[in-house]
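Me: I have a sequence and a model on the screen. Let us go through them in questions and answers.
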Amino acid sequence: MCADIISHFLAKSLPIPFLASRLLSKEMAATSSSTFIVGSATAQLQHLFKTRTIPFSSLPCLNSVFCTENKNKKLTFTSISFNSVACTRISASSPFDLSPPPIDHDFLETVAADGAKVSEDGIIETFDNDDEALLAFHNSVVILDLSHFGRIRVSGDDRIQFLHNQSTANFQCLHEGQGCHTVFVTPTARTLDIAHAWIMKNSVMLVVSPVTCGSITQMLNKYIFFADNVEIQDITKKTSFFILAGPQSDQVMANLNLGDVVGQPYGTHLHYSVNGMPITVGAGNIISEYGYSLLMSSAAAESVWKTLLSQGAVPMGSNAWEKLRIIQGIPAPGKELTNEFNVLEAGLWNSISLNKGCYKGQETIARLITYDGVKQRLWGIHLSAPAEPGSLITVDGIKVGKLTSYTSGRNKPEHYGLGYIKRQTVSEGSTVIVGDKIVGTVVDPPFLARQRPPSNSPNS
């Protein structure tokens with residue numbers, strides 16, 4: 001029936017989108033299964049696309065059929081091997097944008113059946129391999145499900161200017177396919193959260209902490225004026241989000257024929273289709289500039305996860321992730337990022353534009369730099385024993401700071417912390433006392449060490 005309908009409309013030289021809509025309506029009359037309708041229609045059309053040359057301009061990507069564009073503006077299909085997963089690269093110039101409808105999926109049930117411990121909130125806590133996963137981060141490759149992190153889609157013609165005004169990064173210098181870190185701050189530059197941003201064709205995708213997603217969504221909506229063409233959507237429950245990290249992550253990408261992402265600047269991202277479902281693969285991830293981020297339809301999560309495991313990736317749960325966050329020196333909302341500390345004290349220099357003009361918190365940040373007003377900074381601390389967050393940090397009996405996070409290391413004798421310490425009281429390698437008698441050594445952990453403040457700014 002589908003083939004007859006296609007032949008009928010092609011004989012009349014009708015536009016392909018019109019053909020698709022009529023095909024779907026015909027199928028709808030024949031069956032009550034919308035899933036079958038879409039699958040049947042797109043299967044018929046995909047066969048047609050492979051055997052006919054269709055002007056690219058007549059087809060704006062239909063349902064789960066995706067296309068690439070060649071120099072002659074003709075439609076071609078470019079398939080790449082994703083092991084057992086059928087994967088198609090989507091042209092950067094196609095009107096693709098990741099905003100799928102809600103989909104019920106059983107990914108968490110699958111990993112739970114494989115032995116993972118999943119919390120009532122749907123967070124994978126551990127695979128009972130925390131030490132192995134931490135070792136793999138340094139020596140091989142890990143895969144981590146961060147689908148509980150918030151994902152906010154900002155769309156509308158004014159989205160770039162809006163985010164430019166509402167956060168610290170210079171969005172106006174970014175183009176489609178690029179990305180960055182940006183920080184949401186209060187008018188007095190107190191830090192709310194770091195966001196991982198991707199600039200897509202029709203939207204900007206933000207990945208934020210699970211504890212701030214609701215408040216940031218509410219805050220952004222609050223600042224939309226009646227003349228602004230901006231829409232804010234929380235699509236956390238409609239998508240899944242994985243990160244791949246470790247020295248062998250480049251090899252995994254190459255093995256899956258995703259090597260065009262390897263070596264790209266941080267935040268660069270490309271769109272693909274996996275079994276007809278959208279996935280975006282980006283260079284870098286929340287915890288490191290080295291590695292990859294994968295944003296996908298929830299229905300694709302299980303296939304992508306299993307494929308990455310087949311490539312040797314070691315699964316990591318949120319318990320090991322929290323250890324890694326502290327060891328790497330990444331500040332978190334409610335701990336290092338609070339109303340008590342400003343964005344410069346948190347050391348988030350790489351996420352701040354100092355010359356883009358007015359934005360929320362800009363005046364305070366400018367004054368802090370101009371008048372050398374940064375009073376303290378975030379450090380890593382190697383501890384001699386477990387310590388409670390909130391414990392005082394002292395030097396020669398004088399209070400100089402406060403511990404904000406603590407974790408044990410991969411080996412039991414290892415203990416790590418993060419804390420704010422007053423400027424000019426310590427430097428890397430200094431000895432401090434945490435609490436009553438816990439000895440600590442001040443260190444500059446990897447994430448904070450990568451921050452690049454201007455040469456004339458306070459950072460000691």
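Reply: First a definition: a residue is buried at under 20% relative accessible area, exposed at over 50%, and partly exposed in between, with a 1.4 Å probe and protein chains only. This is a predicted model, in which local features need pLDDT of at least 70, side-chain atom pairs count only at pLDDT 80 or more, and totals for chains, interfaces and linings use all residues. Residues are numbered from 1 along each chain as its sequence is written, and side-chain values use heavy atoms, with hydrogens and water left out.

Me: Is Ile232 buried or exposed?
Reply: Ile232 is found in strand S12, residues 231–234. Helices (H or I, at least four residues) and strands (E, at least two) are DSSP runs, numbered from the N terminus. The relative accessible area of Ile232 is 10%, so Ile232 is buried.

Me: Which residues does Ile232 touch, not counting residues up to four places away in sequence?
Reply: Contact means heavy atoms within 4.5 Å. Ser203 is 29 residues from Ile232 in sequence, and their C-alpha atoms are 9.8 Å apart. With residues up to four places away not counted, Ile232 touches Ile152, Arg153, Val154, Phe162, Thr217, Leu220, Asn221 and Ile224.

Me: What share of the residues in the protein chain is buried?
Reply: The protein chain has twelve helices and 23 strands. Among its contacts with a separation of 6 or more, 66% are between residues 24 or more positions apart. Of the 460 residues in the chain, the buried share is 55%.

Me: Which residues touch the most other members of the largest nonpolar core?
Reply: In soluble globular proteins, nonpolar side chains tend to be buried together. A nonpolar core here is a set of buried Ala, Val, Leu, Ile, Met, Phe, Trp, Tyr and Cys residues joined through side-chain atoms within 4.5 Å. The largest such core has 49 residues, and those touching the most other members are Leu146, Phe241, Met316, Trp321, Val343, Leu344 and Leu348.

Me: How many residues does the second core have?
Reply: The second core is separate and includes Val111, Tyr272, Val274 and Ala283. Its number of residues is 30.

Me: Which residues line the largest cavity?
Reply: On a 1 Å grid over the protein atoms alone, a cavity is a set of points where a 1.4 Å probe fits but cannot get out, and lining residues have an atom within 4 Å of a point. Grid points are joined across faces, edges and corners, and a volume is the space filled by probe spheres set on the points. A search of the whole structure finds two cavities of 30 Å³ or more, and the largest holds about 40 Å³. Its lining consists of Ile124, Phe127, Leu144, Asp145, Leu146, His148, Trp305, Met316, Gly317 and Ser318.

Me: How many residues of each class are in that lining?
Reply: Ala, Val, Leu, Ile, Met, Phe, Trp, Tyr, Cys and Pro count as nonpolar, Asp, Glu, Lys and Arg as charged, and the others, Gly among them, as polar. By these classes the lining of the largest cavity has six nonpolar, three polar and one charged residues.

Me: How far from Cys180 is the nearest cysteine sulfur?
Reply: A disulfide is a pair of cysteine sulfur atoms within 2.5 Å, and the structure holds zero disulfides. Cys180 is in none, and the nearest cysteine sulfur, that of Cys173, is at 7.8 Å.

Me: What is the phi of Asp128?
Reply: Asp128 is in the loop between strand S6 (124–126) and helix H5 (130–139). Asp128 counts as exposed because its relative accessibility is 54%. Asp128 is not a glycine, although its phi is positive, at about 60°.

Me: Where does Gln424 lie?
Reply: Gln424 has a positive phi near 65° and is a residue other than glycine. At 66% relative accessibility, Gln424 counts as exposed. Its place is the loop between strand S21 (415–422) and strand S22 (431–434).

Me: How far apart in space are His415 and Ala385, C-alpha to C-alpha?
Reply: His415 is found in strand S21 and counts as buried at 11% relative accessibility. Beyond four places in sequence, the residues that His415 touches include Leu383, Ala385 and Tyr406. His415 and Ala385 are 30 residues apart in sequence, and the C-alpha to C-alpha distance is 6.1 Å.

Note on methods:
1 Å grid on protein atoms, 1.4 Å probe; cavity = no way out; pocket = protein on both sides within 12 Å on 5 of 7 lines; lining within 4 Å.
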